[in-house]
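Dear colleague,

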Amino acid sequence: MKIQQSGENYLETILMLGQRNGSVRSVDIANELGFSKPSVSIAMKNLRENGYIDVLGDGSIVLLPPGREIAEALYLRHTTLTDCFVMLGVSEQTACEDACKIEHILSEETFDAIRKHMDNMKR
């Protein structure tokens with residue numbers, strides 16, 4: 001099943017918030033993304049119904065294996081592209097913003113080439 005860009009953003013945000021805070025709740029996602037709580041609730045319902053997340057009894061949101069796979073792949077794209085742009089002289093903030101836009105549409109072939117190039121540059 002192909003997930004939409006907005007769903008990918010939510011999954012990546014859940015991953016990052018989980019790494020930063022340990023647990024994630026809908027209100028954390030709303031605050032992080034600047035979205036309304038009702039919008040986040042609808043998105044979480046859709047992600048849960050499609051098997052990407054689970055919502056525990058205490059309201060904590062956890063990534064299920066399919067959601068974690070997407071989130072980790074997207075996060076790798078984000079960090080790799082951000083690092084690449086910073087190496088080119090782009091400011092950290094702009095590099096991060098641009099990476100967020102590009103990470104969803106970049107082909108696997110192009111991303112793999114960028115990643116290999118970045119790995120070679122780091123050696």
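In which element of the protein chain is confidence lowest, and in which is it highest? It is lowest in helix 6 (residues 108-122), at a mean of 92, and highest in strand 2, at 97, where the confidence is pLDDT, the predictor's own score for each residue from 0 to 100. The mean pLDDT of the protein chain is 93, and 98% of its residues reach 70 or more.

Some ground rules come before the rest. This is a predicted model, in which local features need pLDDT of at least 70 and side-chain atom pairs count only at pLDDT 80 or more, while totals for chains, interfaces and linings use all residues. Residues are numbered from 1 along each chain as its sequence is written, and side-chain values use heavy atoms, with hydrogens and water left out.

Taken as a whole, the protein chain has six helices and two strands (helices are DSSP runs of H or I with at least four residues, strands are runs of E with at least two, and both are numbered from the N terminus). Followed along the sequence, these elements give the pattern α-α-α-β-β-α-α-α, and the C-alpha atoms fill a box of roughly 45 × 30 × 20 Å, taken along the principal axes. Of the 123 residues in the protein chain, 32% are buried (buried means under 20% relative accessible area, exposed over 50%, and partly exposed in between, with a 1.4 Å probe and protein chains only).

Just after helix 1, G22 takes a positive phi of about 95°.

Finally, please look at R115, which is found in helix 6 and counts as partly exposed because its relative accessibility is 34%. Leaving aside neighbours within four places in sequence, R115 is in contact with L76 and T80, where contact means heavy atoms within 4.5 Å. R115 and L63, by comparison, are 52 residues apart in sequence and 25 Å apart in space, C-alpha to C-alpha.

With best wishes
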